[in-house]
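Have a look at the sequence and the structure on the screen, and then we'll go helix by helix.

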Amino acid sequence: MHWTHLLLELILMPLMAFFIGMGMVLTLRKIGAKLQRRIGPPFFQPLYDILKLHAKETQSSHGLIHEIGIVMAIGGYVAAETLLPVPGMNGIAQQGGLITLAYMTMIPSLGLALGVGQCANPNGSIGISRALTAMLAYDVPFILVVFGTAYAAQSTNLVEIIAAQQSDGIASWGLVQNPLLALAGLLALQGMLGKQPFEIYVAPAEIATGPMVEMGGKFLGGLFIMQCFQLYTAGVLYTSLFLGGGENWLTFLVKIFAVVSIPMAIAYLFPRFRTEDLVRFFWKWPTFLALLGLAFVLH
Amino acid sequence: MGIRDIPVRQAPSPHKSTNPLGRVFDEFLRFCQSRSLFILHYCTGCGAIELPPAMTSRFDMERLGIQPMVSPRQADILLVTGYVSVKTLKRVILTYEQMPAPKYVIGICSCTVNGGMYWQSYATAKKLNDYLPVDLYIAGCMPRPEAVIAGMRDLRRNIERGTANAWRDYFLRYDHYLGNQQRLFGETWQTPVDVIAEAKHYNLLGKETQGEHTARLARHQKPLEALTLNLELREQPTLLK
Ligand code: SF4
């Protein structure tokens, strides 16, 4: 591939991810509103929010690490987007592979932890320690799921995994081949996106949105952008592993929007788990399912 | 005192851009600002009870881009919903000063306008705009959600026109506000935020920013100290002793 072509892809992929991610934020907020019988935000609301936050005149920074933390949080995802193949563009997915991608999706949480640490707000520290504990909890089934699908496809290359799934229609999808892994992945997804019942680290009424408590202006704006990327990454990753990736842009978009809509659609059914219950849950059910799925794959 | 005395004086915007494209950009940003308002509701009085219906399914504030937020750093609007006692007012001011500009204050309920039915109370601050620059009052005891939403729409229109500049007034006439605060809280009153330095930073140092009251503040000001975390682990009383 010519290097200008690659450069174009490396710029286009995160950019597209951002706009699709904003659409996802809107979708989730609309779903939440509809479930509560409200009208919900207008179409451009995510864009208004982000622009407004960056246009604030006061930007209270708590120091260099605070700023670097936010850059890491966004940067990790920007890097992850270039590793996620979309229809027509592979970026550096061939060279990167699943393992790199799994690493990249952990960087944002760590960056956020650094940034929040410097804010020295006790609510923030409580929030981020809960968030990292939650990460520890849902990453175990997540890694098992990633390992299982990679083993089943005999490759850690996402492009190949997708190609294998597209070879024989729906019957070759990961969802059909390894349903247990897909179910475990879905449960891990709920935790990864921080939807109920796993949203104790945000807990607005108790610890004042936890990690976000000291973030104002462009810092909060940065986190809003991060959220767009996070939704996109989760949706595309799940689609690539289990739903056969995207044959074309239409099916691709339908699939990724459907995937991120599931956690939101069932979120309001649950009350909140405490952190220790959350860890217990993730290390029990999704891990158990993933191990069982793995046993089927290895068999 | 007539009704005309109640609204605060609107300070003219000190930023004058001459670049026509810059003006288009400013207008666009003001449009975004008016369409995305995060509210911090400081539920001081009974008026707070009208906010849940304004936010939930019946009236749904989110369709106007208004969302509740929980920390002053994230918020644009400080909603003071009802009477403010002297003790509460201190917290309201602390909260207000931590919010990032541009910030707006809305006084909901008649009690914030003139003390309302607590006029004779020794512990209630009467006019909110003596202590903080109020953008908008929504009168009523208590105002219905329709009134709250109509007020929000007014604020939105003001922001879009660029006339919701009360926060600048706090910097430009800090001495006035501080004087009223000192009258209520005593002359040793101080907040962690250095408002004068901020005014300098934003180029909002007016003739009335500094005066006798800020001089008094400077005399009494104690430097801020970091709070130390004390974990005194007392011996647990055991039942088995
Ligand atoms: S105006 Fe009426 S409802 Fe509002 S705080 Fe005062 S007494 Fe309560």
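So, let me start with a question: is the crossing of α7(A) and α12(A) left-handed or right-handed? It's left-handed. And keep in mind that what you're looking at is a predicted model.

Let's stay with that pair for a second. In general, you describe two packed helices by the angle between their axes and the distance between the axes. Here, α7(A) and α12(A) pack at about 35 degrees, and their axes are 10 Å apart. If you want to know who's touching whom, α7(A) brings Phe142(A), Val145(A), Val146(A) and Thr149(A), and they meet Leu237(A), Leu241(A) and Phe242(A) from α12(A). Sort the residues of that contact by class and you get 6 nonpolar, 1 polar and no charged.

Now a second pair, α1(A) with α3(A). α1(A) covers residues 3–35. The other partner, α3(A), is residues 64–82, and the two axes come within 8 Å and cross at roughly 115 degrees. This crossing is right-handed. On the α1(A) side we have Leu10(A), Met13(A), Pro14(A) and Ala17(A), and they meet Val78(A), Glu81(A) and Thr82(A) in α3(A). The class count for this contact is 5 nonpolar, 1 polar and 1 charged.

While we're on α1(A), click on Arg29(A), which sits in that helix. Buried or exposed? Arg29(A) has 17% relative accessibility, and the cut-off for buried is under 20%, so Arg29(A) counts as buried. What does its side chain do? It makes a polar contact with the side chain of Glu62(B), at 2.9 Å. If you skip the neighbours within four places in sequence, the contacts of Arg29(A) are Pro41(A), Gln45(A), Asp49(A), Glu62(B) and Gln67(B).

Two of those names, Gln45(A) and Asp49(A), take us into α2(A), where both are among the buried residues. That helix is residues 45–54, and it's mostly covered, with 7 of its 10 residues buried. What do they pack against? From chain A, it's α1 and α12, and from chain B it's α1 (20–35), β1 (37–42) and β2 (66–68).

Okay, on to α8(A), residues 158–166. The buried residues here are Leu158(A), Val159(A), Ile161(A), Ile162(A) and Gln165(A). Look down the axis of α8(A) and you'll see those buried residues fall within an arc of 165 degrees, so they line one face of the helix. As a reminder, an α-helix has 3.6 residues a turn, so residues three or four places apart point the same way. The buried residues of α8(A) pack against α4 (93–96), α5 (98–104), α7 (122–153), α9 (174–177) and α12 (217–242), again in chain A. And which residue caps the N-terminal end of α8(A)? That's Asn157(A), with a side-chain oxygen 3.0 Å from the backbone nitrogen of Val159(A).

Gln154(A), in the loop between α7 and α8 of chain A, has a phi near 55 degrees, which is positive in a residue other than glycine. At 61% relative accessibility, Gln154(A) counts as exposed. We get another positive phi, near 55 degrees, at Arg37(A). Arg37(A) is in the loop between α1 and α2 of chain A, and at 70% relative accessibility it counts as exposed.

Gly124(A), in α7(A), is at 1% relative accessibility and counts as buried. Sequence neighbours within four places aside, Gly124(A) touches Val116(A), Gly210(A), Pro211(A) and Val213(A). Then there's Gly97(A), in the loop between α4 and α5 of chain A, buried with a relative accessible area of 7%.

Last stop, chain B. It has 9 helices and 7 strands, and buried residues make up 49% of its 241 residues. How about cis peptides? One cis peptide bond joins Ala101(B) and Pro102(B), with omega about -5 degrees, and Pro102(B) lies in the loop between α3 (86–98) and β5 (104–108) of chain B. Another joins Cys141(B) and Met142(B), with omega about -10 degrees. Met142(B) is in the loop between β7 (136–138) and α5 (145–161) of chain B.

That's my tour, thanks.

Notes
Residues are numbered from 1 along each chain as its sequence is written. Chains are lettered from A and ligands numbered from 1 in the order in which they are written. This is a predicted model: local features need pLDDT of at least 70, side-chain atom pairs count only at pLDDT 80 or more; totals for chains, interfaces and linings use all residues. Side-chain values use heavy atoms; hydrogens and water are left out. Buried means under 20% relative accessible area, exposed over 50%, partly exposed in between (1.4 Å probe, protein chains only). Helices (H or I, at least four residues) and strands (E, at least two) are DSSP runs, numbered from the N terminus. The arc is that of the directions from the helix axis to the C-beta atoms. Contact means heavy atoms within 4.5 Å. A polar contact is a pair of N or O atoms within 3.5 Å; within protein, one must be able to donate a hydrogen and the other to accept it, and residues adjacent in sequence count only if both atoms are side-chain atoms. Axes are lines fitted to C-alpha atoms, for helices over the stretch in contact, and angles run from 0 to 180 degrees between N-to-C directions. A crossing is left-handed if the near helix is turned anticlockwise from the far one by less than a right angle, and right-handed if clockwise. Ala, Val, Leu, Ile, Met, Phe, Trp, Tyr, Cys and Pro count as nonpolar, Asp, Glu, Lys and Arg as charged, and the others, Gly among them, as polar.
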